Amino acid sequence: MALHPWKQLSTRDIIRDRWARLRADRVEIAPGKILDPFYVLEEHEWVHAIALNRDRHILLVRQYRYPGQAFTWELPGGMVDSGEDLLTAIQRELREETGATAPRWRRIASAFPNPARQTNRVHGFLAEDAAITTACEQESSEAIESAWHSIPSALDLIRRGEFSQANHIALFYLTLDHLGLITHQAK
């Protein structure tokens, strides 16, 4: 059987607000094979910073994540505002959440968080020679603390499950690879 893109036959909103849109689609996944409903979550694009200072320590944020009922260490970042360019968005998010800025930025990767249900992508940027230069400007929906961690310390947080968001871990490792800090051995 050959694979084909699914065909949307109809759609209806379940919820639509400034944060997200959840819709229920009726789709044809193969000739004559209908799924109804198939739920799709539309979210804004996300951006995250792998902010390294001159000593190659990474700036992480810690906050309570209500759905997971856990405090987690993560990469600073958030949603891209409507019409905002990705680099502007991540520079804003880093400054708002941590008070940090950086003179050099590089895009590392973009990936789907979950293309089985979500339409958005997460974009990772390396911020080099980052430093705290201003006060935080956290949104009213945020309660965040930040701290610098050595790379071995960040890896330990991952192993202990305290730095536990899969998208953030992937961007962290892709950045280590990009910087040549991961050794590849042939098997």
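What follows is a set of questions and answers about this predicted model.

Trainee: How far apart are the end C-alpha atoms of H3, and what span should we expect?
Mentor: H3 has 13 residues, and the rule is 1.5 Å a residue. The expected span takes one less than the number of residues, so H3 should span 18 Å. The end C-alpha atoms agree with that, being 18 Å apart.

Trainee: Where do the buried residues of H3 sit around its axis?
Mentor: The residues in question are His168, Ile169, Leu171, Phe172, Thr175 and Leu176. They cover an arc of only 165° around the axis, so they all fall on the same side of H3.

Trainee: And which helix do those residues pack against?
Mentor: Their partners include several strands, such as E5 (58-65), E9 (104-111) and E10 (122-128). The helix among the partners is H2 (151-159).

Trainee: Turning to H2, which exposed residues sit on the face turned away from its buried side?
Mentor: Begin with the buried set: Ile151, Ala154, Leu155, Leu157 and Ile158. Their arc is only 155° around the axis, which puts them on the same side of H2. That side packs against E4, E5, E6, strand E12 (145-149) and H3. The face turned away carries the exposed residues Pro152 and Arg159.

Trainee: What do we find at the two ends of H2, and which glycine follows it?
Mentor: At the start, a side-chain oxygen of Ser150 comes to within 3.1 Å of the backbone nitrogen of Ser153. After the helix there is a residue with a positive phi, near 80°, and that residue is Gly161.

Trainee: Is Thr98 buried or exposed?
Mentor: Thr98 belongs to helix H1 (residues 86-98). Beyond its sequence neighbours up to four places away, Thr98 touches Leu59, Val61, Pro76, Ile132, Cys136 and Ser146. Its relative accessibility is 3%, and since the cut-off is under 20%, Thr98 counts as buried.

Trainee: Which backbone oxygen does the Thr98 side chain reach?
Mentor: Two polar contacts are worth a look here. A polar atom of the Thr98 side chain lies 3.1 Å from the backbone nitrogen of Ala100. The backbone oxygen, reached at 2.6 Å, is that of Leu94.

Trainee: Which residue is the bridge partner of Arg62 in E6?
Mentor: E5 and E6 pair in the antiparallel sense over five bridges. They form a hairpin with four residues between them, and Gln69 in the turn has a positive phi of about 55°. Within E6, the partner of Arg62 is Trp73.

Trainee: Last one: which residues does Pro37 contact, leaving aside neighbours within four places in sequence?
Mentor: Pro37 is in strand E3 (residues 33-43). With a relative accessible area of 36%, Pro37 is partly exposed. Its contacts are Ala24 and Asp25.

Methods
Residues are numbered from 1 along each chain as its sequence is written. This is a predicted model: local features need pLDDT of at least 70, side-chain atom pairs count only at pLDDT 80 or more; totals for chains, interfaces and linings use all residues. Side-chain values use heavy atoms; hydrogens and water are left out. Buried means under 20% relative accessible area, exposed over 50%, partly exposed in between (1.4 Å probe, protein chains only). The arc is that of the directions from the helix axis to the C-beta atoms. Contact means heavy atoms within 4.5 Å. A polar contact is a pair of N or O atoms within 3.5 Å; within protein, one must be able to donate a hydrogen and the other to accept it, and residues adjacent in sequence count only if both atoms are side-chain atoms. Two strands pair if DSSP finds at least two bridges between them.
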